Amino acid sequence: MTTKRRGTAFFAVLAAGALTLAACGSDDDGEEPGANRSESEEPAQSEGTIPGSTITVAVNEDYTAYNDDTATGNGTWNTLINNGIKLDFWSYGADGSVVREEDFGTYELVSEDPLTVEYTINDEAVWSDGTPIDCDDILLEWAALSGTMVDAAGENIFNSASNNGYELIEKPECAAGDKEFTAVYSQPYIDWELIFQGGSNPAHIAAQQGGLTEEELITAIQNDDIAALTPVAEFWNNGWQFNPGELPDPTLIPSSGPYLLTDWVAGQSITLTANPDFYGPPPPTETIVLRVLDGAQQVAALQNGEVDVINPSNPTVDTMSQLESMGDQIELITGGNLTWSHIDFQMGPGRPFEQLEVRQAFAKCVPRELIVENLVRPANPDAVVQDLREFFPVDEDYEAAREAAFPADMYGEQDIAGAQELLTQAGVTQPLEVVLMHADDPVRNDLAALTKDACDQAGFNVVDFTPPDWGQRITADVGSYDAVMFGWAGSGNIASGQSLYVSDGDQNPYGYSNPRVDELWDQVVSSADREAARELLVEMETELWNDVFSIPLYTNANVVAVAAGIEGVEVNAAQTGVTFNMDEWVPAQS
């Protein structure tokens, strides 16, 4: 399961290797940093949808939520399906950069002081039930994600995954049926382009389920009528969260995108069918089937013709060997990645990693180069040890940032003797037991074994811990582990990293606090200059290494295998996964 940080900063959970990340790389052209889809390179496509055509793609996890803006619904396992049934103002392109979806609408930065963005939804944009996408959808998105709808107990009635960015926006002014609105910010915001989706959740359905008309919903939001909005929020929080295989009433889940969710077999498959009323170009493939298969099953399924596309989240040596043996039967595609693996520490009072010297010792003993050599380079020969957290080897400025922020003399090479000395300084006189939690999958198990072998020599006793609910334990059961090994799946979003590191951040359950880091993130998020913001991040990286907040390991290999003859499938570096452009996939011609 993979977790993500999309536009807003989300803390979700990923299984075979990734969770969320604040990445870098974005086009910086002043007012309009995103590319327009109409200007992007398009794959070869057939005219219209090919009747009876089907492409089957493997996914690691089952579907759980139509609304992936909630704290429980946020996760790449849902995004892989929602990529097809929702269209928004923007998306992440293959390289992780922002792509403007002009079939849905347009937006323009019209002022930097105050930061002001004007949005226009396409006149033809409608939900698949025929309801126009307009003012009520925008107002509900703002109300749900701004954190402003608070009850008498001081609790937000919407269980949103994050409020990043939205909390800075004045309540948009619009009336029923309006296709235009303006976002005015109280201060500059570095990732303004990643705010407002538009087609994420149908307000008319939430209103109806909460006992309101669309007009009454708009009025309730405009008047901060918490009593009227509470039933709407209850549906927004829970009504679009599902038990596996329980296909909701189609009237509750209209599509704003090129596909409809039409079938769901628990633990086996999710079926999407071309939306006949889609206002954009029709997708070439009529049916996309998402088969739920764990990583160990995917290569065999591709070889047997059960699936046409796989994107294993953490490919092993055996995975690559099997794929390469398939020869012309498949096309093997590799590319950049913004998903990275790391080890985080619990630092609270009385914990083994409370002392800095103990964290330093663990950072010295983890065999990072050996891990990359054994587990990553077989799939990505160019893989290197990753030494930073908010800069990635694919970034143009990675090496400069690394030279400035990474203490290579301390952690550039594994140092068992140095780790032993640090444990002695910390007063450790016998093997120090530390519980290392991670997902139970081949790559993570091998990684943990390499770590235990090395760090036990330094004076630790690493206890391997692979509970099935490890992801939930990261925040809900922090006492059950001392360190956790997982990954963040990311994007070109800068601001989303804030809650990972700041004191009491939503994604910082580790007891970490550094006032300078808090201050730097405040400056980054409120910066109007992405280049200046990245200079601040270099200083932040320095602070994180001074504290040994975590141990970055490597950027995950990114491999897609496609059955021969299928066109349009690409590797996606961001958190949206291989299905990000399923509407462009062209089936093999018979």
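A disulfide is counted here as a pair of cysteine sulfur atoms within 2.5 Å. In general terms, a disulfide is a covalent bond between the sulfur atoms of two cysteines. This structure holds two of them. With bonded cysteines counted along the chain, they follow the pattern 1-2, 3-4.

The model is predicted: local features need pLDDT of at least 70, side-chain atom pairs count only at pLDDT 80 or more, and totals for chains, interfaces and linings use all residues. Residues are numbered from 1 along each chain as its sequence is written, and side-chain values use heavy atoms, with hydrogens and water left out.

Take the pair Cys135 and Cys174. A disulfide joins them, with 2.1 Å from S to S. The torsion about their S-S bond is about 75°, so this disulfide is right-handed. The pair links distant parts of the chain: Cys135 sits in helix α2, Cys174 in the loop between α2 and β8, and 39 residues separate them. Helices (H or I, at least four residues) and strands (E, at least two) are DSSP runs, numbered from the N terminus. Cys135 has 1% relative accessibility and therefore counts as buried. Cys174, at 8%, counts as buried too. Buried means under 20% relative accessible area, exposed means over 50%, and partly exposed lies in between (1.4 Å probe, protein chains only).

Now go to Cys365 and Cys455. Their sulfur atoms are 2.0 Å apart in a disulfide. The torsion about the S-S bond is about 95°, so this disulfide is right-handed as well. It links distant parts of the chain, 90 residues apart: Cys365 in helix α8 (residues 356–365) and Cys455 in helix α13 (residues 442–458). Cys365 is buried, because its relative accessibility is 0%. Cys455 is buried at 0%.

Other parts of the chain are buried too. In helix α1 (residues 76–85), 10 of the 10 residues are buried, so the helix is largely enclosed by the rest of the structure. Among them are Trp77, Leu80, Ile81 and Ile85. Met485 lies in strand β17 (residues 483–490). Its relative accessible area is 0%, so Met485 is buried. From Met485 to Ala153 the distance is 36 Å, C-alpha to C-alpha, and the two are 332 residues apart in sequence.

Next, the surface. Which residues gather in a patch of negative charge there? They are Glu108, Glu118, Asp123, Glu124, Asp178 and Glu180. Patches are made of residues with over 30% relative accessible area and no salt bridge; like charges are joined within 9 Å, and nonpolar side chains (Val, Leu, Ile, Met, Phe, Trp, Tyr) within 5 Å. Lys and Arg count as positive, Asp and Glu as negative, while His and the chain ends are not counted. Asp178 is found in the loop between α2 (135–145) and β8 (180–184). At 31% relative accessibility, Asp178 counts as partly exposed.

Charges also pair up. A salt bridge is a side-chain nitrogen of Lys or Arg within 4 Å of a carboxyl oxygen of Asp or Glu. By this rule the count comes to 18 salt bridges. One of them joins Arg291 to Glu306, with the closest N and O atoms 3.8 Å apart. This pair links distant parts of the chain, 15 residues apart: Arg291 in strand β11 (residues 285–292), Glu306 in the loop between α6 (295–303) and β12 (309–310). Arg473 and Asp469 meet at 2.8 Å, N to O. Arg473 is buried, with a relative accessible area of 19%. Asp469 is partly exposed at 31%.

Arg516 and Glu519 form a salt bridge with their closest N and O atoms 3.0 Å apart. Both lie in helix α16, three residues apart, about one turn of the helix. An α-helix has 3.6 residues a turn, so residues three or four places apart point the same way.

Finally, some backbone details. A cis peptide bond joins Asp113 and Pro114, with omega about -5°. Pro114 lies in the loop between β6 (105–112) and β7 (115–121). Asp224 is not a glycine, yet it has a positive phi of about 50°. Asp224 sits in the loop between α4 (214–222) and α5 (226–238). Asp504, also other than glycine, has a positive phi near 60°. Its place is in the loop between α15 (498–501) and α16 (515–525). Is Asp504 buried or exposed? At 74% relative accessibility, Asp504 counts as exposed.

How values were computed. Accessible areas come from the Shrake-Rupley method with a 1.4 Å probe; for residues, only the protein chains shown count as cover. The place of a charge is taken as NZ of Lys, CZ of Arg, CG of Asp or CD of Glu.
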